[in-house]
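Colleague: I'm new to this one and would like a close look at a single part, the surroundings of the ligand. Could you walk me through that region and whatever it is built on?

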Amino acid sequence: MAEAEAVERESGVAQQPEDLQAVIDAQEKDLQKLRRRLARARQTNQILEDTVEDQIRSVYIAKQEVDRANSHMESVLRCVSAAIIITDTDGSITSVRGSTGRLSKRSPDTLIGCHVDDLLLGASEASDELFGVGESQLVMADGTKIPVLLTTSQLLNEANDTVGTVHVASDLRRQKKLEMRLAEVRKLESIGQLAAGVAHEMNTPIQYVGDSAHFLDEVVEELLSLQGVYAELVAAVRNEPAIAELIGRIDAAETEADVDFLREEAPGSVARIHEGVNRVTEIVRAMKQFSNQSEEFLSTDINALIESTLTVANNEFKYVADVERHLAPLPTVLCSAGGIGQVILNLVVNAAHAIADRNEQTSIRGQITISTRVDEADRMVCIDIADTGGGIPDDIATRVFDPFFTTKEVGKGTGQGLAISHNIVVERHRGSLTFTSEPDVGTTFHIVLPIGGPS
Ligand SMILES: Nc1ncnc2c1ncn2[C@@H]1O[C@H](COP(=O)(O)OP(=O)(O)OP(=O)(O)O)[C@@H](O)[C@H]1O
Ligand SMILES: [Mg+2]
């Protein structure tokens, strides 16, 4: 037994290093393999980590872009001047965008859950169609209704099912106001045409009246002198008994007719007929001239144009102001008499209105002063129209030439006079139209026209 152990120990001692070495080598190999695998795994892991990081970065960037796009869209929607109201299929408001809050003067939060018809009259009927456009009214917080143009479109999901309605309501107040003013302008235009027509029609009868007044003038004079001779005759034969009865009748008839009064009043009365007829003739002539004035550029006597315009505008200022003229001799100006006449009329009417406003409920009369002069050096003619009205306040000075800008009540002004005048003087005649104004002193409008036309 001891012998066998010894042999074994001997042989063990003899084999152990090789075996161990093999084992160690094998383990070493495994270890290297494991290390390589580990390295590969680490590499893969790194790649995976990098990929995940890249993905996270992309997702983050994409989210940022989505956020940016969303906030851009929100800003765009906030800028939309229309009210945008989105409802579910029952008409209950789910969200609002655009100017809904500003237009309705309600906080957008308070609208969520309300029925759309409470905000937009008849909107739910309109939303039955896939797409519809029509007029409606938006109800403001205080119950006031404003006119709106309502566009409704059905909101569809990806499966093309209707999930609600988008209502877009645009404020129509400005358009409605413009429409109203345009209607007034048209009305004024047709009144102008009508007046020109009436003036034309009055021309012939007024000529008869004028001719008859001339005839009466002569007749009255002759009859009065004849009556003088008769009176002398009556005085001469007054004491003749044979015609006493006739003399008595003549005396009674003279008393009845109040001959002394007739002799006194008849000439004055005929003179007043003349005066009236002349005035009407002048107005008719001025109106005809004014409405027939050519739009063409022709050599025009500006001072005469001012006179005929003042005749037409007389009724506008005669109760509130006197007109003073300082008209210098002028060369003829190549211009559209129709256009410039219109400008002078607008400025004179504005002056009269300003004076009337300032002196309202007083008996004070204002003054409109029209002056003309020639600027030979610059080949220009200048027309100044000054009034003693209340002046143009600084805060509206830049707006008075804007179309439809007016401080006058409906029916008195349409806010077109100065815009049209500016267009005529500046655009068509290449002149200038400016003003100077002082509060409580008055306003002067300056028209400058090139003598030779706009060329
Ligand atoms: N001479 C003036 N004095 C004071 N304010 C004036 C004078 N002229 C014009 N304005 C102001 O400018 C506004 C615009 O004038 P504009 O002539 O364009 O329109 P309007 O007179 O109001 O109306 P329209 O001429 O169309 O009848 C007037 O409403 C008024 O406020
Ligand atoms: Mg005006």
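Modeller: Let's sort out the residue classes before anything else: Ala, Val, Leu, Ile, Met, Phe, Trp, Tyr, Cys and Pro count as nonpolar, Asp, Glu, Lys and Arg as charged, and the others, Gly among them, as polar. On that basis the shell around ligand 1 splits into seven nonpolar, 11 polar and two charged residues.

A word on what you're looking at: this is a predicted model, where local features need pLDDT of at least 70 and side-chain atom pairs count only at pLDDT 80 or more, while totals for chains, interfaces and linings use all residues. Residues are numbered from 1 along each chain as its sequence is written, and chains are lettered from A and ligands numbered from 1 in the order in which they are written.

Now the shell itself. Ligand 1 is surrounded by 20 residues (a residue is near a molecule if its C-beta atom, placed from the backbone, lies within 6 Å of it), and the closest are Ala-354, Thr-406, Gly-413, Gly-417 and Leu-418. Two helices, α10 (337–358) and α12 (417–428), each supply at least two residues of that shell. The largest share, four residues, comes from α10. Helices here (H or I, at least four residues) and strands (E, at least two) are DSSP runs, numbered from the N terminus.

How do α10 and α12 meet? Their axes come within 9 Å and cross at roughly 145°; axes are lines fitted to C-alpha atoms, for helices over the stretch in contact, and angles run from 0 to 180 degrees between N-to-C directions. On the α10 side the contact is made by Gly-339, Ile-340, Gln-342, Val-343, Asn-346, Leu-347 and Asn-350. From α12 come Gly-417, Leu-418, Ile-420, Ser-421, Ile-424, Val-425 and Arg-428. Contact means that the C-beta atoms of two residues, placed from the backbone, lie within 7 Å. Sorted by class, the contact of α10 with α12 has seven nonpolar, six polar and one charged residues. Notice that Gly-417 and Leu-418 turn up in this contact and also among the residues closest to ligand 1.

Going across it, β7 and strand β9 (residues 366–375) run parallel and are joined by seven bridges, with Ala-321 opposite Gly-366 in β9.

The hairpin of β11 and β12 has three residues between the strands, and in it Asp-440 takes a positive phi near 60°.

Key. Two strands pair if DSSP finds at least two bridges between them.
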